[in-house]
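Subject: Structure handover and notes

Dear colleague,

I would be glad if you could read them with the model open beside you.

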Amino acid sequence: MSRFWSPVVGTLSPYVPGEQPKLQNLVKLNTNEHPYGPSPKVLEAIRAASDDTLKLYPDPSSDRLRQAIATTVGVEPSRVFVGNGSDEVLAHAFLALLKHERPLRFPDISYSFYPVYCGLYGIAYETLPLTDDFRIDVEDYLPARHGQAGAIIFPNPNAPTGRALTVAEIERIVAGNPDAVVVVDEAYVDFGAESVIALTTRYDNLLVVQTLSKSRSLAGLRVGFAVGSPELIDGLERVKNSFNSYPVDRLASAGAVAALEDTEYFEQTRQAVIQTRARMAAGLASLGFEVLPSSANFVFARHASRDAAELAAGLRARSIIVRHFRQPRIDQFLRITVGTDEQCELLLKALAEVV
């Protein structure tokens, strides 16, 4: 601890991102990146945008990008907010919309950045346990069981479990909490769940956050967005413009628009991941793993008799890395990103040797 730190710094428990090791012939299945590169049209758009205009600041409102998102998801641009990756969008949402007198609620097993944001912004929170089979219990998020929440946030599909709620289940939570903002974090929604963006035109307390890092193969560009009522979007804009008026640069905006417009490539690669996930899950089951039903571009699995840490170490020795969370209830699970068919074959072969 440094004597120059502000008091809050010493109290923080920062988020730990997935490892980015520099190993030879690495099969990297630990950070849920898309196994296929971005659309060729994205690269063309970035090259075209790499000109003399880079001396100028980007559009602070990102109007072209917001219009492309609005067209893609079927809402008005006034209902769209964009940021430097969905993590930044979420950070602004925590400060603008989720800090209230009553505590924020989210699942006990969920995206580990949520408690980090709470620590950073001084937000009181409560975690609600997943069921024994790692599902979100909708009744837990209704006031009848635990009283009124200050706000609610959860991923759909959940991470790291991959399990998803239906639109009807999410609508029950949103409708049952009319005086609380409900944020649905849809980072992985395109791989098997159904988005609730359509509900944002009916419920002014619903904010949906998505990213182009996963299903659009743009983790390196950092573009995320939120959709909600103009009232919620205005709150995000006020925080953004008190922090950084230019969060999306010219190259990221150009690439993101091109990715959104190339629906054929998006659908082709999305389906490839879904099909590979099914084959990988079946292969894991044949090796004695319990695999949770996944609607994401990863699976969450534990072996019937082998320790997860030992399995992760055995894979690493074979230049394959997966994510192992040393947390209560899930310390025997591995989160494994869906790679290419070749990568998944290498994974299954290595696991067969380790097991």
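Helix 10 (residues 308-316) lies across strand 9, strand 10 (298-303), strand 11 and strand 12, and runs at about 155 degrees to strand 11. Helices (H or I, at least four residues) and strands (E, at least two) are DSSP runs numbered from the N terminus, and contact means heavy atoms within 4.5 Å. Axes are lines fitted to C-alpha atoms, for helices over the stretch in contact, with angles from 0 to 180 degrees between N-to-C directions.

This is a predicted model, in which local features need pLDDT of at least 70 and side-chain atom pairs count only at pLDDT 80 or more, while totals for chains, interfaces and linings use all residues. Residues are numbered from 1 along each chain as its sequence is written, and side-chain values use heavy atoms, with hydrogens and water left out.

The strands under helix 10 belong to an open sheet of 5 strands with mixed pairing, in the order 1-11-12-10-9; two strands pair if DSSP finds at least two bridges between them. Strand 1 (27-29) and strand 9 (289-291) are at the edges with a single partner strand each, so one side of each is left without a neighbour in the sheet. From one strand to the next, the twist averages 35 degrees. Strand 11 (residues 320-324) and strand 12 (residues 334-337) pair in the antiparallel sense over 2 bridges, and His324 has Leu334 in strand 12 as its bridge partner.

Leu104 can be followed in both directions, with Ala151 as its bridge partner in strand 5 and Tyr125 opposite in strand 4. Strand 3, helix 4 (residues 113-121) and strand 4 make a right-handed β-α-β unit (with the strands pointing away from the viewer, the path from the first strand over the helix to the second runs clockwise).

**Pocket and cavity**

The search used a 1 Å grid over the protein atoms alone: a cavity is a set of points where a 1.4 Å probe fits but cannot get out, a pocket is an open set with protein on both sides within 12 Å along at least five of seven lines, and lining residues have an atom within 4 Å of a point. Grid points are joined across faces, edges and corners, and a volume is the space filled by probe spheres set on the points.

The largest pocket has a volume of about 680 Å³, and of the 35 residues that line this pocket, Tyr15, Thr31, Tyr111, Tyr188 and Lys214 are the closest to its centre. Helix 3 (residues 85-97) gives the largest share of that lining, 3 residues.

The largest cavity has a volume of about 50 Å³, and its lining consists of Ser39, Ser215, Arg216, Ala259, Asp262, Tyr265, Phe266 and Thr269. Helix 9 (residues 263-286) gives the most to this lining, with 3 residues.

With best regards
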